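Please open the model in your viewer and colour it by chain.

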Number of protein chains: 2
Amino acid sequence: MKNNTKVVLDTSIFVNPDSRFIFGNTPRKALEKFTETIKEKNNIECYIPPSVYHELIKFTKELPYHLDILIKKKPPASYQSSIPALLFYEFIEETRARVNKGLRVTEKYIRRGLKETDSRETAQNIIQSARQEYRIALREGILDSKEDFDLILLAKELQACLSTSDKGLIKWAQKLGISCLCAEELKELIKNSS
Amino acid sequence: MKNNTKVVLDTSIFVNPDSRFIFGNTPRKALEKFTETIKEKNNIECYIPPSVYHELIKFTKELPYHLDILIKKKPPASYQSSIPALLFYEFIEETRARVNKGLRVTEKYIRRGLKETDSRETAQNIIQSARQEYRIALREGILDSKEDFDLILLAKELQACLSTSDKGLIKWAQKLGISCLCAEELKELIKNSS
């Protein structure tokens, strides 16, 4: 008998416009469709950390109970787990580089502001662009929440795949040897399961 | 026979104006004086990670070899070490909070810039203040370099004390159960050793 495939699910699979269309047009429909497709499959076990589940149901509202139990809510054993020191080194270095980038964004927009007269509209535009660029510099492609780390730690603990379309998550999960599945690959996996 | 006391040394002890005066008036003199005082002590073993040693000699120039060997250059076994997952959680959360703070600094100084005319002097002043405030928001009291983490990892590996006056280092070292010594405590320790 083949072992069951374990999959840890990230919200992005159901929420991000780029990936949720694989299962449905809205987050709610994507989640419903997904649970319907795994209902008859005995080979796949799906997990979600409670912290990520709470994020998810903000977008989808809670599922009817008979569907909801198809995705097991399990937190990682974070008080018992450890990670390689090297991962922490890499994270510190990456954060440092990003902090420097963030400062360059700050300087750029202060200079731009100095060249403008202070109309409310101009201020709003400049600050909005600065925010966007700052967020990309400091957040995109990095682990930036405990929910992200819950997903990685749970996948590691269960020796499960991580299904996500978040580039930061994929990058850091792969450093720990975790297989990642995008929405399409997850759909294929389910289709070929019994 | 009592065990030797192991001490891992941070540059701050010799370089920061607030603490180096304990051993000498300039970084060079502080380091020389320190090595002179431990020369006759058999109970104290001093260590420094090579990465931190390279930082240090930028300030002090290399010591004469007979003094230099009193501080053992040892890197942490970073490829074999692990850290508790919880430490990484805390670091992610702290970084997240600081990134948000950094953005508020950015916004504040853009608004200030918008209210000024663009003279070179004003621009320079505003950008300098922004830099300073941004650095405090994102760097002060946090591990922000691999050198910092080398110190923590080496102290953990050797079950040594860490001698530093860096608040960020102290905070994160203590989370791993590492004893920290400020310059004064280090001087006392040496004085009372044989």
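The stops below move from the interface between the chains to a pair of helices.

This is a predicted model, in which local features need pLDDT of at least 70 and side-chain atom pairs count only at pLDDT 80 or more, while totals for chains, interfaces and linings use all residues. Residues are numbered from 1 along each chain as its sequence is written, chains are lettered from A and ligands numbered from 1 in the order in which they are written, and side-chain values use heavy atoms, with hydrogens and water left out.

**The interface.** Select chains A and B: 48 residues of chain A are in contact with 48 residues of chain B (heavy atoms within 4.5 Å). Together the chains bury about 4,500 Å², 70% of it on carbon and sulfur atoms; buried area is the accessible area (1.4 Å probe) that two parts lose on being put together, summed over both. Next, select Phe88(A), Tyr89(A) and Leu114(A), which supply 17% of the area that chain A buries against chain B, more than any other three residues.

**A salt bridge.** Four salt bridges are found across this interface (a side-chain nitrogen of Lys or Arg within 4 Å of a carboxyl oxygen of Asp or Glu). Select Asp144(A) and Arg96(B), which form a salt bridge with their closest N and O atoms 3.6 Å apart.

**Two helices in chain B.** Finally, select α3(B), residues 27–38, and α4(B), residues 50–60 (helices are DSSP runs of H or I, at least four residues, numbered from the N terminus). Their axes come within 8 Å and cross at roughly 115 degrees; axes are lines fitted to C-alpha atoms over the stretch in contact, and angles run from 0 to 180 degrees between N-to-C directions. Here Pro27(B), Arg28(B) and Leu31(B) of α3(B) meet Leu56(B), Phe59(B) and Thr60(B) of α4(B).
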